[in-house]
Amino acid sequence: MVKKISEQSIFSEYKKSEDKVTAALLQVLHYGGHNIVCSLFEDIDLPSNEINVSPQVVEDESRPDGVVSCDCKYKIFIESKIFLDAFNSVHGKKQLEANKKLSSPNDAQWFVYITPDERKPQELEAASEIIWINWQKIVEKLRGYETSDNLVKFLIDQFCIYVDHIVFGNKGRLSNHGALSSIEMLDKDQRVIIVGGAWGEDVALKYHFYACQEGRYFLPAKYIAFYHKNRIQNIFEIEDIIESTCLTENLVGQKYLEEKEPNYNHKPRKFFKLKHLHTFNPEIKNDTVDKNGKPCAFVM
């Protein structure tokens, strides 16, 4: 169970990419609660209780990126780094020295560094009081986390995509670690975006576009296909993308607005102009399973 979130929005404190990815992680921890905290930080023996998450709390000489606490029973301070060689600078070294003072396992207080490094940085090897984990392991643990809470599932999916984009970008640093990196390393013309198609597939076939919430992130791709009724049947070429626009009559046609969204409130959407390329016959059936052998959708 999770205690109330800080009255001030977690995201309101954060402006840099490094801070935003921490904020996204804190949201996952907030809604996932004690179980997901224990899953990520398995090196720490934590009592079961309600948790609080807070951004950038000032503690003595240190200002960690985030803190997870439990009614004064424990605290986990988090420092996130999204670039390699984070300890080469004077600031990085000074910051580490200040952060080490906050780590006191005997007082149920731990400090965790999250970095993109494949191996534990030498500076952290020498700091036994600091716990280290890399972003790849965070993503792996979250993707393997089982929950029936659809909100937590959604937050985990979006967080993992965001980490792949913000932390690793197009540098191929995940090339030896799984599916996300292999997709990311493909050329744009080789990528296909897969989205849920209960609504969108029919719209794409009749009106030649796909629209979703503005600001939604996708890796650059040339094609889009729709997952619907446990199958993929149609694939489209993406002719143009407008990041934010209203669905006007000139853009989608009056017939669409009358038939599909007669009460459209002019809220901006991300807009994909599409050209139908092919209908698969037979259709592509979903036979993918998770690590426990359970069926899973191949959306995104």
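The model is a predicted one. The protein has 300 residues, and 46% of them count as buried. Its secondary structure comprises nine helices and 10 strands. Among contacts with a separation of 6 or more, 62% are between residues 24 or more positions apart.

**Nonpolar cores**

- The largest nonpolar core holds 36 residues, and the members that touch the most others are Leu29, Ile76, Trp135 and Phe159.
- Two or more residues of this core come from each of the helices α1 (17-40), α4 (135-143) and α5 (150-168), and likewise from each of the strands β3 (75-80), β4 (109-115) and β5 (130-134).
- Helix α1 is the top contributor to this core, giving nine residues.
- Another core of 13 residues lies apart from the largest one, and its members include Val195, Ala204, Ala221 and Ile238.
- As background, nonpolar side chains tend to be buried together in soluble globular proteins.

**How α1 meets α4**

- The axes of α1 and α4 are 12 Å apart, and the two helices pack at an angle of about 55 degrees.
- That angle makes α1 oblique to α4, because it falls between the 35 degrees under which a pair counts as roughly parallel and the 65 degrees where roughly perpendicular begins.
- The crossing of α1 past α4 is left-handed.
- On the α1 side, the contact is made by Val21, Leu25, Val28, Ile36, Ser39 and Leu40.
- On the α4 side, Trp135, Ile138, Lys141 and Leu142 take part.
- Sorted by class, this contact has eight nonpolar residues, one polar residue and one charged residue.

**Backbone details worth a look**

- Asn281 and Pro282 are joined by a cis peptide bond, with omega at about 10 degrees.
- Pro282 is part of strand β10, which covers residues 269-285.
- Lys229 is not a glycine, yet its phi is positive, at about 55 degrees.
- You will find Lys229 in the loop between β8 (223-228) and β9 (231-245).
- Lys229 has a relative accessible area of 65%, so it is exposed.
- His266 is another residue other than glycine with a positive phi, in this case near 65 degrees.
- The loop that holds His266 runs between α9 (254-259) and β10.
- His266 counts as exposed because its relative accessibility is 53%, and the cut-off for exposed is over 50%.

Key:
Residues are numbered from 1 along each chain as its sequence is written. This is a predicted model: local features need pLDDT of at least 70, side-chain atom pairs count only at pLDDT 80 or more; totals for chains, interfaces and linings use all residues. Side-chain values use heavy atoms; hydrogens and water are left out. A nonpolar core is a set of buried Ala, Val, Leu, Ile, Met, Phe, Trp, Tyr and Cys residues joined through side-chain atoms within 4.5 Å. Buried means under 20% relative accessible area, exposed over 50%, partly exposed in between (1.4 Å probe, protein chains only). Helices (H or I, at least four residues) and strands (E, at least two) are DSSP runs, numbered from the N terminus. Axes are lines fitted to C-alpha atoms, for helices over the stretch in contact, and angles run from 0 to 180 degrees between N-to-C directions. Angles under 35 degrees count as roughly parallel, over 145 as roughly antiparallel, 65 to 115 as roughly perpendicular and the rest as oblique. A crossing is left-handed if the near helix is turned anticlockwise from the far one by less than a right angle, and right-handed if clockwise. Contact means heavy atoms within 4.5 Å. Ala, Val, Leu, Ile, Met, Phe, Trp, Tyr, Cys and Pro count as nonpolar, Asp, Glu, Lys and Arg as charged, and the others, Gly among them, as polar.
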